[in-house]
Amino acid sequence: MCGIVGYIGSNDSKEILLKGLEKLEYRGYDSAGIAVMNSEGVHVFKEKGRIADLRTAVKPDVAANTGIGHTRWATHGVPSKLNAHPHQSSSARLTLVHNGVIENYDILKREYLQNVSLKSDTDTEIIVQLIELFVNKGIAVEEAFRKTLSLLKGSYAIALLDSQNEETIFVAKNKSPLLVGLGEGFNVVASDAMAMLQVTDQFVELMDKETVIVTKDKVTILNPEGEEMSRDPYTAELDASDIEKGTYPHYMLKEIDEQPLVIRKIVQNYQGSDGELTIDKDILNAMSQCDRIYIIAAGTSYHAGLVGKQFIEKMAKIPVEVHIASEFSYNMPILSEKPLFIFISQSGETADSRGVLVSIKELGHQALTITNVPGSTLSREADFTLMLHAGPEIAVASTKAYTAQLAVLSILAEVTARYRGLKINFDLIQELGIVANAMEVLCDAKEEFEEIAREFLATTRNCFFIGRGIDFYVGLEGALKLKEISYIQAEGFAGGELKHGTIALIENGTPVLALATQESVNLGIRGNVKEVVARGANPCIISMKGMETDEDRFVIPEVYEILTPLISVIPYQLISYYAALHRECDVDKPRNLAKSVTVE
Ligand code: M6R
């Protein structure tokens with residue numbers, strides 16, 4: 001969602017800010033802006049639309065060594081130039097960018113700002129106007145900033161400029177991600193290290209409710225009591241090439257192709273010196289001592305959780321419930337006596353999941369986060385973390401993170417099973433190797449999936465994904481992939497459930513994509529395909545080798561049965577990709593969506 005950048009140093013800040021915002025584009029946004037400050041004052045440039053539009057609006061002749069920038073994903077107020085950040089106080093002395101949601105903005109407006117004429121519909125403008133209100137009462141900017149923060153309820157990452165203090169960027173964060181990057185003679189601010197890798201790989205994490213005074217030579221972190229905190233920087237272990245598309249037309253295609261490599265990397269990373277798969281002992285103890293696991297996640301990560309439940313129950317024999325994060329907060333089930341929570345989140349920043357993490361920690365329960373982003377909020381706040389090692393995932397549509405989540409969940413299940421003295425009658429390292437090879441075969445079959453996309457999805461209004469058992473869960477993920485990037489109404493259904501209502505939607509030519517990879521339900525799903533065909537559907541069956549029939553459109557290589565979701569999802573990823581291309585959709589940045597969903 002919204003992204004923040006800031007730079008203070010000796011170089012012209014405009015290009016650094018714009019490049020930084022380009023690196024944050026993947027998070028999803030609908031408008032963008034920068035404010036740069038020099039001895040003449042603060043110059044604000046903003047535009048609705050893409051960074052490319054902002055670039056053309058920025059005056060090249062304004063030189064300034066200090067600046068802040070923002071990509072906005074609209075929450076309060078429509079996407080427009082007026083609502084785009086940065087926002088300024090009435091006198092234009094103060095300029096601010098904000099990521100997050102101020103829940104009590106309306107109350108603050110009524111209580112403090114009746115006499116201020118607001119220019120935008122945003123909750124953000126309240127913050128900058130409040131700071132100015134206190135400054136006008138004679139309070140210094142830094143103090144006014146802290147006083148304002150103490151009134152805010154909700155989430156925020158903020159960067160603030162004071163036109164009377166060219167030497168400083170004021171920064172604060174609560175619940176929304178924000179980092180300070182360190183350089184020689186300059187310092188930077190960013191929602192994500194990727195944005196500022198162009199100038200530094202040294203970053204300092206900020207804790208909730210801290211404020212930071214950033215000058216070009218110094219970074220002063222203050223806790224909520226105003227005490228100075230010292231914190232060592234960490235090196236962002238990102239290769240600049242990881243975040244480039246290279247020769248690929250889209251990040252999504254690059255990330256689909258990276259999947260075999262990611263699986264091999266995960267196996268390597270989880271292999272101990274004895275060559276066995278291994279997991280931290282504390283995690284294994286937590287897994288073994290709990291009486292029930294609660295998996296909490298959203299979107300694609302939730303779909304990975306559904307498959308993860310099968311892994312853990314079948315291998316480690318621990319009961320698992322899987323919950324949608326945004327629902328869990330309101331409908332908390334009666335918890336077992338010794339629950340263990342597993343949060344699955346590619347970004348580690350999803351606000352819905354974080355909301356659950358905060359409440360279960362208040363109840364004193366243990367949590368494990370499975371994430372792709374080291375140092376992310378969900379990782380920091382959980383008791384344990386397992387990394388995905390998938391490398392940065394930039395496309396909004398999650399692909400390699402999903403298969404990485406499945407691989408890590410399978411390893412967690414297998415190692416826990418062995419730790420509990422249970423017998424595992426297959427070699428997971430070997431089977432994941434076979435999965436990686438099968439993924440390569442599928443990635444090499446792009447033309448066939450492009451053809452399927454053209455034949456079944458070029459003009460359709462809707463599409464159904466059906467499956468039974470584990471194939472049903474992959475169908476849910478396939479449907480999410482297709483709808484989010486091609487805007488085709490797509491739904492995943494359990495094959496046996498069609499006759500209870502959904503089959504009424506089948507018309508002549510309705511595309512129905514069916515997976516048949518599980519021996520135990522092969523006949524059942526083929527029966528369901530016959531039912532929809534009898535009502536005019538256009539079926540596309542993707543089966544696994546050994547189970548294929550003449551009517552199948554594509555046969556995927558054989559892998560160990562429980563691991564099939566790792567490969568059966570790839571046809572769906574590629575079909576969705578090509579369907580979106582045919583429809584001329586913005587594959588990597590689909591409308592209305594954000595990569596990192598940091599509001600509840
Ligand atoms: O970062 P997370 O895994 O917590 O994100 C959860 C969802 O927002 C995410 O999986 C979303 O559904 C993807 N865009 C799907 O491709």
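These legends describe close-up views of a predicted model. Local features are taken at pLDDT of at least 70 and side-chain atom pairs at pLDDT 80 or more, whereas totals for chains, interfaces and linings use all residues. Residues are numbered from 1 along each chain as its sequence is written, and side-chain values use heavy atoms, with hydrogens and water left out.

View A. The shell holds 15 residues, the closest being S301, S345, S347, T350 and E484; a residue is counted when one of its heavy atoms lies within 4 Å of the molecule. Domain 2 (248-442) and domain 3 (445-590) both contribute to this shell, so the ligand lies between them; the domain bounds come from an automatic or database domain assignment. Helices α10 (299-316) and α17 (470-486) each supply at least two of the shell residues, helices being DSSP runs of H or I with at least four residues, and strands runs of E with at least two, numbered from the N terminus.

View B. A backbone N or O atom of V396 lies 3.0 Å from a ligand nitrogen atom.

View C. A cis peptide bond, with omega of about 0°, joins H85 and P86, and P86 lies in the loop between β4 (66-72) and β5 (87-88). A92, in the loop between β5 and β6 (94-99), has a positive phi of about 70° although it is not a glycine. Most residues other than glycine have a negative phi, and most peptide bonds are trans.

How values were computed: Polar contact = N/O pair within 3.5 Å; in protein donor to acceptor, adjacent residues only side chain to side chain.
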